[in-house]
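Trainee: I would like a close look at a single part of this model. Please take it slowly and connect the pieces.

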Amino acid sequence: MDLPLADIRVIDLTVARAGPTCVRQLADWGADVIRVEPPGKPADDQAARDALAGGRHASDFQHLHRNKRSLSLNLKSLAGREVLLRLVDTADVLVENMRPPVKERLGFDFGTVHARNPRLVYASLSGFGQDGPYGDRGGVDQIAQGMGGLMSVTGLPGTGPTRAGIPVSDLAAGLYLAIGVLVALHDRDRTGTGRWVQTSLLESMIAMMDFQATRWTIDRQVPGQAGNHHPTSVPMGCFATADGYVNIGAADGRLLRAFCSVIGLPWLPGDPRFDSLDKRSANRAELNALVAGQLRTRTTAAWVSALNEAGVPCGPVYRMDEVFADPQVEHLAMTQTVQHPVLGPLAIVRNAVRITGGPDTVRTPAPDRGDHTDEVLTGLGYSPAEIGRLRAQEVI
């Protein structure tokens, strides 16, 4: 199949999660992604980062690095850097998440790479930005969740800051950077020049705060924790049922009237305490207590059926095993199976986006270290003898 990004070559110099998340978006749509890794036993810091994914054959690593090729290369050697620069000559995109001093010391900073290949899009991901007071600091997801405000609005009121259950800033930074890369590629098609695309965990986390951020920047309100209920719309949130939990969204108008009728509180929308959005927000504890009392009387499945029949948005709260057993999730085919030479068949979560007539977004498992070294070097014009010398010198 003619893959949408098949004509794009990407050099992947990233580690951890945010950078690989960006590159994975490009690989899913067919870009020729070459992941550059140190040869042999990884350095201690690389081993620590790989441990975040549980090792190369762990599910997390397989999910992060599917659809890529692997080139083992010692970038601390002169010969290794020359290989990378020859690869730069053939590439459209380079993605990296080194601290600024590191890439400058190794000679892979934007200025050097841009001078070598002015058409290449150079994409950088960092903890806090490429410069400024924190530009040289390393960053991880939970630090960004805290500094970006997410932990202050997550969790039950009064319980203190709470991290989200997924690495939100890592994933957001990777997705934002992938969008930036695609924008820059489009711009290059018009101008002939590649640009430097940048984001950070902190910037991405603040952007993900969305309306919670603008409640401060525009309204000068400091949002707090609202637990499992929507911070501004009432009733909208998670309630216990006779056998589990249900999420409902019925904050106003027809939805509120239908919801209250189904759960046995038809009088509630006209009650003077609750007959406007402002009043429902001011009296949210009393209103939620009334709703909770009703929802505890039936099972989750019964409420989901009755409320959906009335057109009220609602749904169960699943464990992960229940997620993939849901008939709609089965219909959406959210996993695609690849064959790993050691692990056998692997069900990998596919890209969330589908394109009419487009390809499967999971095609190959994550490569083992250096699986494609000879293949990539041959494509760059290295002879078998030259490849042998590089291997003997432990450059590859």
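Trainee: How many bridges join β1 to β4, and in which sense do the two strands run?

Mentor: Four bridges join β1 to β4, and the two run parallel. Some ground rules come before the details. The model is predicted, so to speak of local features needs pLDDT of at least 70, side-chain atom pairs count only at pLDDT 80 or more, and totals for chains, interfaces and linings use all residues. Residues are numbered from 1 along each chain as its sequence is written, and side-chain values use heavy atoms, with hydrogens and water left out. Helices (H or I, at least four residues) and strands (E, at least two) are DSSP runs, numbered from the N terminus. Two strands pair if DSSP finds at least two bridges between them.

Now β4 itself, residues 93-96. On the β5 side, V95 stands opposite A123. L94 stands opposite Y122 in β5. Strands β4 and β5 (residues 121-126) pair in the parallel sense over four bridges. Strands of a sheet pair through backbone hydrogen bonds, either parallel or antiparallel.

Next, the side chains. In a regular strand they alternate between the two faces of the sheet. In β4, V93 and V95 point one way, while L94 and E96 point the other way. All of these are buried, meaning under 20% relative accessible area; exposed is over 50%, partly exposed in between (1.4 Å probe, protein chains only).

Step back to the sheet. It is open, has six strands and parallel pairing, and its order is β3-β2-β1-β4-β5-β6. The edges are β3 (69-72) and β6 (196-200); each has a single partner strand, so one side of each is left without a neighbour in the sheet. From one strand to the next the twist averages 20°.

Helices lie across these strands. α4 (residues 78-90) lies across β1 (9-13), β2 (32-37), β3 and β4, and runs at about 145° to β1. Axes are lines fitted to C-alpha atoms, for helices over the stretch in contact, and angles run from 0 to 180 degrees between N-to-C directions. Contact means heavy atoms within 4.5 Å. α10 lies across β5 and β6, at about 70° to β6.

α10 also meets α9. The axes of α9 (residues 168-191) and α10 (residues 201-208) come within 8 Å and cross at roughly 95°. That makes α9 roughly perpendicular to α10; the term covers 65 to 115 degrees, with under 35 roughly parallel, over 145 roughly antiparallel and the rest oblique. From α9, V168, S169, D170, A172, A173 and Y176 take part; from α10, L201, S204, M205, A207 and M208. By class, this contact has eight nonpolar, two polar and one charged residues. Nonpolar covers Ala, Val, Leu, Ile, Met, Phe, Trp, Tyr, Cys and Pro; charged covers Asp, Glu, Lys and Arg; the others, Gly among them, are polar.

Follow α9 along its length. It has 24 residues and reaches 34 Å from its first C-alpha to its last, close to the 34 Å expected at 1.5 Å a residue. The expected span is 1.5 Å times one less than the number of residues. V183 sits in α9, and V183 is exposed at a relative accessible area of 52%. After α9 comes G192, whose phi is positive, near 85°.

Finally, the setting. The protein has 19 helices and 11 strands. Of its 396 residues, 47% are buried.
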